[in-house]
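Biologist: I have the sequence and the model open side by side. Could you walk me through what you see, starting with the strands?

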Amino acid sequence: MLIEHNTSHADRLITGAWESTRRVDDDIHVSDLLHPHRGFERILHGELWVPKKPIQSRVLIGEGGHRVFRSNGDVDLDKGIYTGYDYDVPVRCDNVVGHIDLVENVYSANQAPGEEESLLESIPGELKITWYSPDKPINQLGTYFDQLGAYCHMMGVTHGRLFVCYLMDYKWRKDVDGDGISPIFDSWDVYFEQEDLGWFWDVLLERKDLIEDLRIVKNPFDERRDLDGWLVANTEVHLVN
């Protein structure tokens with residue numbers, strides 16, 4: 001048997017998957033504002049911008065997981081509610097667009113037959129698939145809350161849910177049956193203050209204004225280091241510190 005290591009096959013597969021899943025548009029996305037370095041590069045180079053292969057791999061694995069973690073909804077008769085889910089929900093606010101991973105719609109289950117559905121609450125959810133250790137305090141994953149908070153603001157709500165699938169468990173704990181290593185899937189209810197969502201959205205709009213300037217003059221700074229310095233100073237601001 002002959003085994004030859006040839007990474008070109010994997011590279012071609014990743015490239016094809018990446019090209020088949022990209023949405024090319026001129027809109028400014030929430031992700032552009034949360035990760036301005038990548039946002040600036042995307043705006044500067046448009047559809048010609050392609051991240052390095054390791055980044056493509058991480059993004060594609062995450063997108064694959066988003067298609068797996070889906071539910072048709074459930075009923076809780078004790079609470080008198082039932083829930084339904086919408087996925088990849090488009091939202092737009094102040095000419096910024098986003099796609100919410102999932103929105104849980106909570107309805108009353110106590111309606112008389114034939115009555116119109118009574119929507120009690122719509123809860124945006126953000127799903128993250130990560131290589132971080134589950135031992136890392138959740139409040140140290142600032143960008144996760146930034147993205148969820150942005151979507152809450154865009155929907156006009158203050159309650160969201162964060163779902164995290166940890167692919168790597170650095171303590172190599174056994175699963176409950178002791179016969180293997182399993183990813184850990186966890187979730188949190190997040191209740192934001194309206195005031196916090198407001199000021200953070202203003203931060204994102206400041207970044208949006210700079211990106212729009214960039215579209216006109218390509219680089220609004222005399223020196224690249226000035227741009228990098230601005231980015232460092234303005235991406236250390238998070239909803240959770």
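Biologist: Which residue in β6 is the bridge partner of E126?

Modeller: In β6, the bridge partner of E126 is L162. The chain crosses from β5 through α5 to β6, and this β-α-β crossover is right-handed, a term used when, with the strands pointing away from the viewer, the path from the first strand over the helix to the second runs clockwise. Please keep in mind that this is a predicted model, in which local features need pLDDT of at least 70 and side-chain atom pairs count only at pLDDT 80 or more, while totals for chains, interfaces and linings use all residues. Residues are numbered from 1 along each chain as its sequence is written, and side-chain values use heavy atoms, with hydrogens and water left out.

Biologist: In what sense do β5 and β6 pair, parallel or antiparallel?

Modeller: β5 and β6 pair in the parallel sense, over 6 bridges, where pairing requires that DSSP finds at least two bridges between two strands. With β4, by contrast, β5 pairs in the antiparallel sense, also over 6 bridges, and there P124 of β5 is the bridge partner of V103.

Biologist: Is β5 enclosed or open, then?

Modeller: β5 is largely enclosed by the rest of the structure, because 9 of its 12 residues are buried. Buried means under 20% relative accessible area, exposed means over 50%, and partly exposed is in between, with a 1.4 Å probe and protein chains only.

Biologist: What about S122, buried or exposed?

Modeller: S122, which lies in β5 (residues 119-130), is buried, with a relative accessible area of 18%. Its side chain makes a polar contact with the side chain of N105 at 2.8 Å; a polar contact is a pair of N or O atoms within 3.5 Å, and within protein one must be able to donate a hydrogen and the other to accept it, with residues adjacent in sequence counting only if both atoms are side-chain atoms.

Biologist: And what else does S122 touch?

Modeller: Leaving aside neighbours within four places in sequence, S122 is in contact (heavy atoms within 4.5 Å) with V103, E104, N105, M155 and V157.

Biologist: Changing topic, which residues have the most contacts inside the largest nonpolar core?

Modeller: They are V30, I138, M154, L162, F192, W201 and L204, in a core of 34 residues. At least two residues of this core come from each of α2 (30-34), α3 (36-45), β3 (81-93), β4 (96-108), α5 (142-155), β6 (159-166) and α6 (194-217). A nonpolar core here is a set of buried Ala, Val, Leu, Ile, Met, Phe, Trp, Tyr and Cys residues joined through side-chain atoms within 4.5 Å. M154 is in contact with V30 and W201, among others that include V91, C93 and V96, again leaving aside neighbours within four places in sequence.

Biologist: What is the phi of D88?

Modeller: Phi of D88 is near 50°, a positive value in a residue other than glycine. Most residues other than glycine have a negative phi. D88 is found in strand β3 and counts as partly exposed at 36% relative accessibility. D94, in the loop between β3 and β4, has a positive phi of about 55° although it is not a glycine, and D94 is partly exposed at 42%.

Biologist: Last one: how many helices and strands are there in the protein?

Modeller: There are 7 helices and 7 strands, defined as DSSP runs numbered from the N terminus, with H or I and at least four residues for helices, and E and at least two for strands. Of the 241 residues of the protein, 37% count as buried.
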